[in-house]
Every structure is written in C-alpha cells, then in structure tokens.
Amino acid sequence: DGSHHTKAFSLRSDKRPNYRVKLSYQDEHGRFRQKDIDTGIKVQKSYYQEAVREGRNRAREWYEQYLLDQKQRLLAIQYKGDLTIPDYCDYYLFLLKEHGLKNNTIISYAQNLVRARKYLSNISIKDIDRRIIDGYVESLVAENNSLLRARAAGDLSVKDFSNSIKKQVNALITMCKFAYARDDNSHSDSTHISKASLDLMAKFYHKPELIPPSIEELNTILAYIKGTPLEIAVNLAAKAGLRREEVLGLKWSNVFLDNECPTIRIDSTVVRVGKQAEERNTTKSRKSLRTIPVMMDLGEYLRQLMQRQATDKELLGTGYMDSPYVFRFADGSRPQPDWITYTFKHKQEACGIHGYRFHDLRHFAATYIIKRSGDIKLAQEMLGHEQITTTMDTYAKYTTQDMIDKVKAYHL
C-alpha cells in the first residue's frame, strides 16, 4: 500500500503448510525492514487467489498497527524530561512526518542523524553543549583517513571537512534548535538547551553565500558538453530555473513549442529515495506547480532536441526505450538523479572551471532574470518559490558593481 510507504508485498509458500506474506517496508529511520506474516490459508493451488486477498489484508492490518504503536510510543516520550539523543531523534522525525514533510526528506534527515545516535547514545538532549558537539566532530573526523592525514600535517580547517560531516553536524544542530524553539514557545521543562549552545559550531551551520557562474563560464561549459545528455539538463536549469528533480520529471507533453512564446509546465518530479529514483505527480511546494515562459533560444534548442531524439529512436529501432521524458540518454533511458550532480561536477572541472554545483545554475537563472527585468516577483513565480523572501534573500544578491551602477543611476 503506497500510502503507508511500504516497499513490496509478495506471497510465499516455501515448504510450510500455509501461504505466508513477506512485507517489505521502511521504518521510522528510513531503513528497509521485512516482516513474515502467516495468512492462515493452506498451500494449495485452488486457494491461491484467496491467499493473495487474505495476505494483503493481514499485511495492511499489521502495518497499520505498527504505525499506531510507533505513534503512541513517540507521543509518550514527549512528556519525559530527560530524553537521550536517540529517543529525541525518534520524536523529532515523528513530528516532522506529522507536519507533512515528504518521506524522502525525512529519510535524508534520519540518515544524517545515524552517527549522532551512535556516538551520543547516552547523552541527554538537555545536556548538549559546545564540548559535546566538538567531541562529536572529532568522532566523525576519526572515521575519515584523509582528514586525519591533514591534521597530522597541521593543515586542517573547516573548509576541508567533507560535505557529509557538515551535513551530519548541521542535522544535529538543527534538531537542537528545534528542541529549543519548542521549549521557548511552551515554557516546558522537558529540555533545557541554552541559547548559547545553539550558537556553537556556527562555522558549520553558516551557509556560504551562493555565487552563480558567470555568463562566460556557463557558455564555456555548454560548449564543452554540446551534444551530450548533460547539455539538456544544464540548459533547462540555467535558462528556465528548473530544479534537478524538475529537470528529471519534465515530459514532452508539458512542453508547448507552438505557442507565440514557448512554455513548459512543471507538474511532476523525479526524486531520489534511498538509492532509487521515484516518479511523483507532485512538486516541491504548491508554488512549484507552474507554467514557465522560456527564452526563444531555449525554445529553439528544445525543437532541435525533439528532432534529434526522434532520429535516435528511428536509428536504434527496437533497441530504443520509449520514454515521455525530455531529459534522457540517446537510447531513451532516463539517468539517475545523482548522475546529473556528479557528471556536472566532472565536466566543469574538465574545462577548467571549479566550485559550482548543479543547483547554482538555478541561481544563475534567478540572478539573470532579476538583472534583466528588475522584477523580483517575476523571478519568484518562474522559480516556484513559496515565499518571495526566499527569492530576495537567497538569489537576489547585488555585487559591488551592481550597487555602484544603481547609485549612479539616481540623481537628486
């Protein structure tokens, strides 16, 4: 039952007298588990369909009870005043799910808190302080041989820490902020995280300013990857402001090239859940469901791409995989989400450009729209931001030269 995030359902006979159900599901930490359930129906060919129905019902009943038990357990622990980090992680992830966060987001949070559960298993949430966080970072560094070598050479700074370590530390600090906010609002004595403790490790929590590639750098990258599948993704991100999951989920049925101004409709995505790609008929937020007018050069590129994919299909014949998606390989197959991220990183480095993420192309699109139109509201609508403050704070950064030009334009 997809509504319960179960992974799979299968009927087994083995050598046992009754048919049995093997139910695969994700637990509250995002890990895949299996449960073997007896259907109570004798293994016999004439009973198979009945066993399928009964097995499905029993699997659903077991899983619904599992969810209920989990919810009751997590509701109970919120009233205990001295929660350990593992217990508070369970409670935190439960509340995130109750507030409607998507399953893949919760799985990501859970994965980034796995080592906090391990190394801080006997620490209470109320006792978190700078010393404990520093010790946690030391434990993470001790698992990384390259960082240990850098420390031995006396050359280890925050910028050298891997993104993985930063994400894990940030996940813990974010959870502490959450605990503090709940106590601050409810005046509860369940935790006693001090405001000073929340400022610890600010060097990890602080996000660096986003800097998009320049037009020259973008053109260099596009020239280098011309004719490759990555060119499709880069064009859609840099010229239409699409997110990675929106690039992967865009279908030709949502591309309208015959209009006076070409448009694309964003109403589906492809996201990574664990190690698998999952198709969704939803977007990141309500505002992300949108129709975008595209620049004429992007419209022309998409027309040529459509013709090229039709040619590929004709040449490969039965070897071609029919696909509704715009972004695909020459044989029609769809790349995995991480393929975009890793390939973009390697290709930009191959042409002498360093330091940009694929998501920075979306930042480029936002900055370009704002510079050309001066309309932040337009940028918000095209990017699909829920709040205009996100557009202003994250994407609309003026450079020093921009500010000089603006000031020169004013005369008293």
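1. Helices here are DSSP runs of H or I with at least four residues, strands are E runs of at least two, and both are numbered from the N terminus. The model is predicted: local features need pLDDT of at least 70, side-chain atom pairs count only at pLDDT 80 or more, and totals for chains, interfaces and linings use all residues. Residues are numbered from 1 along each chain as its sequence is written, and side-chain values use heavy atoms, with hydrogens and water left out.

2. Overall content. The chain's secondary structure comes to 18 helices and eight strands. Of its 412 residues, 40% are buried (under 20% relative accessible area; exposed is over 50%, partly exposed in between; 1.4 Å probe, protein chains only). Take contacts between residues at least 6 apart in sequence: 60% of them join residues at least 24 apart. Contact means heavy atoms within 4.5 Å.

3. α15 against α16. Two packed helices are described by the angle between their axes and the distance between the axes. Axes are lines fitted to C-alpha atoms, for helices over the stretch in contact, and angles run from 0 to 180 degrees between N-to-C directions. α15 passes α16 in a right-handed crossing (the near helix is turned clockwise from the far one by less than a right angle; anticlockwise is left-handed).

4. Residues at that contact. α15 supplies R362, A366, I369, I370 and S373, while α16 supplies I376, L378, A379, M382 and L383. By class, the residues of this contact are eight nonpolar, one polar and one charged. Nonpolar covers Ala, Val, Leu, Ile, Met, Phe, Trp, Tyr, Cys and Pro; charged covers Asp, Glu, Lys and Arg; the others, Gly among them, are polar.

5. Burial in α16, and T391. Which residues of α16 are buried? They are A379, Q380, M382 and L383. T391 lies in helix α17 (residues 388-395). T391 is buried too, with a relative accessible area of 0%. T391 and A379 are twelve residues apart in sequence, and their C-alpha atoms are 7.2 Å apart.

6. α11 against α15. α15 also packs with helix α11 (residues 229-240), at an angle of about 35° and with the axes 6 Å apart. V234, A237 and A238 of α11 meet L361, R362, F364 and A365 of α15. This contact has six nonpolar residues, no polar ones and one charged.

7. Three strands form an open sheet in the order β4-β5-β8, with antiparallel pairing. β4 and β8 are the edge strands, each pairing on one side only. Two strands pair if DSSP finds at least two bridges between them.

8. Strand pairs. Two bridges join β4 (residues 255-256) to β5 (residues 263-266). A hairpin of six residues connects β4 to β5. V255 stands opposite I264, and F256 stands opposite T263. On the other pairing, β5 and β8 (residues 290-293) share four bridges. There T263 stands opposite P293.
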